[in-house]
Structure formats: C-alpha cells, structure tokens
Amino acid sequence: MERVESHTSFGGRQEVWKHASSALGCEMKFGVYLPPAALHDPGGEKCPVLYWLSGLTCTEQNFINKAGAQEHAARHNLIVIAPDTSPRGDAVANDPGYDLGQGAGFYVNAMQAPWSAHYRMQDYVAEELPALVEQHFPATAARGISGHSMGGHGALVTALRHPGRYKSVSAFSPIVAPTQVPWGQKALTAYLGEDRGSWAAWDAVELVKGAAERLPLLVDQGDADEFLAAQLQPELLQAACTAAGHPLTLRLQPGYDHSYYFIASFLGDHFAHHAQALRG
C-alpha cells in the first residue's frame, strides 16, 4: 500500500492509494475519503464505509473530482472508497472500444481468455478491497455500495450476489439488465462466453427474481439520458421488483442526462439513504 495523493477537504482528507492486487494481478488505485471523525486524535473513530463503483471509461478520479461527495461524506462521517473500473497495465488485455477492456471491467469475474487472466473485478470489489480497507483504515464492517451506469450495474449485482454483506445499496442510471442490452451483451460475451445461461448471475433483473434478501434499492434515472432507451431500461427492474415483491424506489428525474451534473444533483439523497442504514 502506498499513498499517492492527500488533500484536506471538508475537515476530512481525500486520499488516493495504490497497491498490488492479488485478485487482478496488477497494480490498482482507489480513492479514500476519510471523514473528520476518522481523523480525530487520538486514534479516531471507526466509521462505516460506502463503496462507489464508476462507469465506462472512468478511473478512481472521476467520482472524487466531479461528484462533490466529500461534503456529504463529512456530514455523515462515512468513509468513501472509489476504486478504478478495471485492471490496468501493458500486460492487461484491452480492446479498441470504450465499452470493453480497460475502463470497462463490468464488475464481473471473467471466464474467457484473454480476459480471465486479470478481469476478476467482482472478487476485487466484494472481497479483496473491503478486506484491505478494513485492515488499513479506521473502518467498521458496516458497508454500503452505490455506483453509476456500468457501476450502478456493479453495485446492484454485487449487493444482490452477497446477501448480508451490505446494509444499503443505490444506483444512478444503472444498466439493470445487461443480458438484454448492447453494452452488456458485448461485455458478457467477451468475459463469460456465448452461453447465455451463465449471464443471469450478473444481471440485476434476473437476480432480483430469486433474491434471498430484501435490501431496499434506491435508483435515480434522468429522463433526458441519451442511453435510457437503448442501454438502461429501468422499467425492466421496476417490473422485476414488483413481481418479486422486492423494495425499490425508482425516481425518474425530469431533464437530467447521464453526466456527473446529474449525479451531483441527487448524491446528497443517496448519502442520506446509506447513512440511515449504516448508522441507524
């Protein structure tokens, strides 16, 4: 573990760390916001952790620079962890398209060569990273997870695949049914193979149908999002949750697009949602 950035922000500290990932077989970076309570002398207070998963083309920098998360994290005394979206490096497989390869890990565990050598983002996000955070930072085992677009897919799927591991989950503009839309079909074919039966384990709409835990879902979606009809289709998640009796708050926000302007506008609501669950 090596700290590569540190900035005072809203009484806390925004840091970036790098480390050698055993799950991914490469060096990874992640952002860490430590709220004021975690920095109190002597020792600080252990705080709950909110994990943020970013979307296509992003690194750990997009969220920590654009979302305005530090103010909300400081108010609620939550640690915020923002990892990169994929393995990185010259030895890591890549693709010319923005929606596959580096910057587009889709938070799955790849089963197909050449991706399977490094692309195990689900293991990284759900297992390796929390263990690292809880070992090296003043973090409790109370975890929430959120994300945007591809990262919204990652947040929903990760929470649904690991009942009991997270106390809260939310998403902005998530890819709710990757098995049914072009972004997801391209990625799942590459990472998992042609057997569509194996894809359901990485699809929030499919996972809701048999979810063992009724963790409430909060989803915000802009109605002016250019990807709404072709790639996102939140109505599929709404129908699946209604059929399964799974709690969902789906808010269609008039005039908002797919950008960080949208995320910043409603991020405070999401922090309040997570803080209520994580801090009671």
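Modeller: A residue is buried under 20% relative accessible area, exposed over 50%, and partly exposed in between (1.4 Å probe, protein chains only). Trp183 has 4% relative accessibility and therefore counts as buried. Phe227, at a relative accessible area of 24%, is partly exposed. This is a predicted model, where local features need pLDDT of at least 70 and side-chain atom pairs pLDDT 80 or more, while totals for chains, interfaces and linings use all residues. Residues are numbered from 1 along each chain as its sequence is written, and side-chain values use heavy atoms, without hydrogens and water.

Biologist: How do Trp183 and Phe227 form an aromatic pair: what is the distance centre to centre, and what is the angle between the planes?

Modeller: Rings of Phe, Tyr and Trp (its six-membered ring) pair with centres within 6.5 Å; planes under 30 degrees apart are stacked, over 60 edge-to-face, the rest tilted. Trp183 and Phe227 are tilted, with 4.7 Å between centres and 45° between planes. Trp183 belongs to helix 6 (residues 182-192) and Phe227 to the loop between strand 8 and helix 8 (228-232), so the pair ties together parts 44 residues apart in sequence. The whole structure holds 12 aromatic pairs.

Biologist: Which kind of aromatic pair do Phe262 and Phe266 form?

Modeller: An edge-to-face one, at 5.8 Å centre to centre and 65° between the planes. Both residues are buried. They are 4 residues apart in helix 10, so about one helical turn separates them. Phe262 and Phe266 also belong to one aromatic cluster with Trp52, Phe63, Phe172 and Tyr256.

Biologist: In what order do the strands form the sheet?

Modeller: Helices (H or I, at least four residues) and strands (E, at least two) are DSSP runs numbered from the N terminus, and strands pair at two or more DSSP bridges. Here 9 strands make an open, mixed sheet in the order 1-2-3-5-4-6-7-8-9. Strand 1 (2-9) and strand 9 (248-253) are at the edges with a single partner strand each, so one side of each lacks a neighbour in the sheet. On average, neighbouring strands are turned by 20° against each other, direction ignored. Strand 4 (residues 47-53) runs parallel to strand 6 (residues 139-147), joined by 6 bridges; Leu53 has Gly147 as its bridge partner in strand 6.

Biologist: Which strands does helix 5 lie across?

Modeller: Contact means heavy atoms within 4.5 Å; axes are lines fitted to C-alpha atoms, for helices over the stretch in contact, with angles from 0 to 180 degrees between N-to-C directions. Helix 5 (residues 150-161) lies across strand 4, strand 6, strand 7 (168-172) and strand 8 (217-222), at about 130° to strand 6. Helix 10 (residues 260-279) also packs on the sheet, touching strands including strand 5 (79-83) and strand 9, and its direction makes about 175° with that of strand 7.
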